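Me: I would like to learn how to read a few features of a protein model. Please take them one at a time.

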Amino acid sequence: MNLVTVESIAKSFGELSLFSNISFGINAGQKIALVAKNGTGKTSILNILSKSEPPDAGQVNYRKGIRVSFLSQDPVLDSELTIEQTIFASDNEVLQVLTNYEKALAHPENEEAYQKAFEAMERFNAWDFETQYKQILFQLKLDDLNLKVGSLSGGQKKRLALANALINKPDLLILDEPTNHLDLEMIEWLEKYFTKENLTLFMVTHDRYFLERVCNEIIELEQGNLYGYKGNYSYYLEKKEARIEQESVELHKSKILYKKELSWMRRQPKARTTKSKSRIDDFHEIKERAHKRRNEHQIQLEINMERLGNKILELHKISKKYTDKVILDKFEYNFLRGERIGIIGKNGTGKSTFLNILSGKDDADSGKVVVGDTVKFGYYTQKGILIKEGQKVIDVIREFGDYIPLKKGKQISAQQLLERFLFDRKKQYDFVEKLSGGERKRLYLCTVLIQNPNFLILDEPTNDLDIVTLNVLESFLLDFPGCLLVVSHDRYFMDKIVDHLFVFKGNGIVEDFPGNYSDFRSYNSQKLEESKQLKEEEAVKSEKKAWKKEDTAKKLSYSEQQEYKKLEKDISKLESKKEELQLQFSEGTLSGEEIDQLAISLKETIDSINEKTDRWFELSAITES
């Protein structure tokens, strides 16, 4: 079933044309990822799909009555509201259904309004809305509903916005970088949730494991053209490579044909027949195909790294806490030359604080940080580049000098360096505030690396970078001869570049693990399996020992057994009564007074079912113990 049809849309910002004549469709059950380089219009396409902004041309047609939810990269939430108040302040359709039902109950004389409100309650399954939203918030680890949004971390805010999107039970869920700001545990939960749920998704994400395990179709926007791949990330890589090879073959054939036709054009007779005019028209098309080039420029990263001495970085019994929250507790470590360490842990366990202490941006409460004389830090923070009003891209680099030193005594100009980071001459004179989120991150990365550090500290470097840039960054980091310390929730990135982990577990506990992220997950899974088997063995032994003592175990009394049996019958009767009452509403022949009485009776019946069900569960727990 088709949910959305996108027909010939276009979007430009001034002279910059992002895309034009783009068309595609979204069908129920599809889990589609949009892949493209930074600055080519991914977020604009999402905004157009979610009706946040209109296209310059073309149109988007939605199936009548479908619900669409949009999770943006940086959700805007009211900092003064609590978590629960945020749910009720959203534009969720179910909330409107509940409001209409309450109004209908207040005015029973309007039979038609009540009937419509009741049917909407049934259609949206709004009777247990409170249970639904609390379950989703609990799964997303947002247990304290009274916490104010202003006190939440970036990851918690992202989860709250995600909860709002899921509670709406959308027919189509649009996601812009859904894994940004989420910790690894939450990313894996979201991955499993999207895999098993029958949801229709359209997303932009750089998380390649997420693409691999969640998506069943990938759409690539490249040089203004859309290419569809009906498979996951591995399938996309395989088929894209085959497409590029085919394009290369076709380009070669076009060049041969172009030379042949060019020769004919040069010697053709002056008298032109209809046939020759047609051939001339075809020649111009052949010429265009023969001169078509792939824009395959990649970032070139070069630095003139100073040699590291014997003493690099020593941490002696470092402790840090905020009020009662312990971040580090007498942590010790001696960094060696060429170490590549990844840092993982839940949001709020102090990963960024740890990096700030190492780089001297924050002080430890106690302990000592000893930095070697030859160490030069390069610190890429989550905050990104500081945007100055009216500053152009070229001005950002010229703050470090007009010429930048490279390896072997070489140097290049600021303009040449920017070109290596995919900022062409025209883009270099754009204002920084006009850049996309990914382009700003790329420029920020450039400013960190041109300072020639030999100890790189990267805090979430993969956020907002496109996959092409990520692959180049990974290749650079694999060849980087200095020390590397990185915090990232990108599991693919971590697996590729680190061989050692600091696992922040909270309350000052930091586990030193020798291996990458996948090694750690395998190790944890094995430990959980062993723990589960041990518990099962202990349970079997416990049962064998306790079988003689069963008579002393807690059992239902005679009166409770009778009550338990009676409750089952009563609940069954009340459920039948509820169905009969609901059926009477649908007949449409009731007066206003009868509707009022019937609504009261229905509420009393539902309350009675809930009360008896709670008691039944209480007694049932005793029978099963």
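Reply: Start with a loop. Asparagine 463 sits in the loop that runs between strand S17 (455-459) and helix H16 (467-479); helices (H or I, at least four residues) and strands (E, at least two) are DSSP runs, numbered from the N terminus. This is a predicted model, in which local features need pLDDT of at least 70 and side-chain atom pairs count only at pLDDT 80 or more, while totals for chains, interfaces and linings use all residues. Residues are numbered from 1 along each chain as its sequence is written, and side-chain values use heavy atoms, with hydrogens and water left out.

Me: Is asparagine 463 buried or exposed?

Reply: Buried means under 20% relative accessible area, exposed over 50%, and partly exposed in between (1.4 Å probe, protein chains only). Asparagine 463 counts as buried because its relative accessibility is 7%.

Me: Which residues is asparagine 463 in contact with, leaving aside its neighbours within four places in sequence?

Reply: Contact means heavy atoms within 4.5 Å. On that basis asparagine 463 touches Asn180, His181, His206 and Lys441.

Me: What is the phi of histidine 181?

Reply: Histidine 181 is not a glycine, yet its phi is positive, about 75 degrees. The residue belongs to the loop between strand S6 (172-176) and helix H7 (184-196), and at 26% relative accessibility histidine 181 is partly exposed. Asparagine 21, in strand S2 (residues 16-27), also has a positive phi, near 55 degrees. At 57% relative accessibility, asparagine 21 is exposed.

Me: How should I read the sheet with S2 in it?

Reply: Strands of a sheet pair through backbone hydrogen bonds, either parallel or antiparallel. Here two strands pair if DSSP finds at least two bridges between them. The order S2-S1-S4 describes an open sheet of three strands with antiparallel pairing. S2 and strand S4 (57-62) are at the edges with a single partner strand each, so one side of each has no neighbour in the sheet. From one strand to the next, the twist averages 15 degrees; axes are lines fitted to C-alpha atoms, for helices over the stretch in contact, and angles run from 0 to 180 degrees between N-to-C directions.

Me: How many bridges join strand S1 to S4?

Reply: Five bridges link strand S1 (residues 2-13) and S4, which run antiparallel. Valine 4 is opposite tyrosine 62 in S4. Helix H1 (residues 42-49) lies across S1, S2 and S4, at about 50 degrees to S2.
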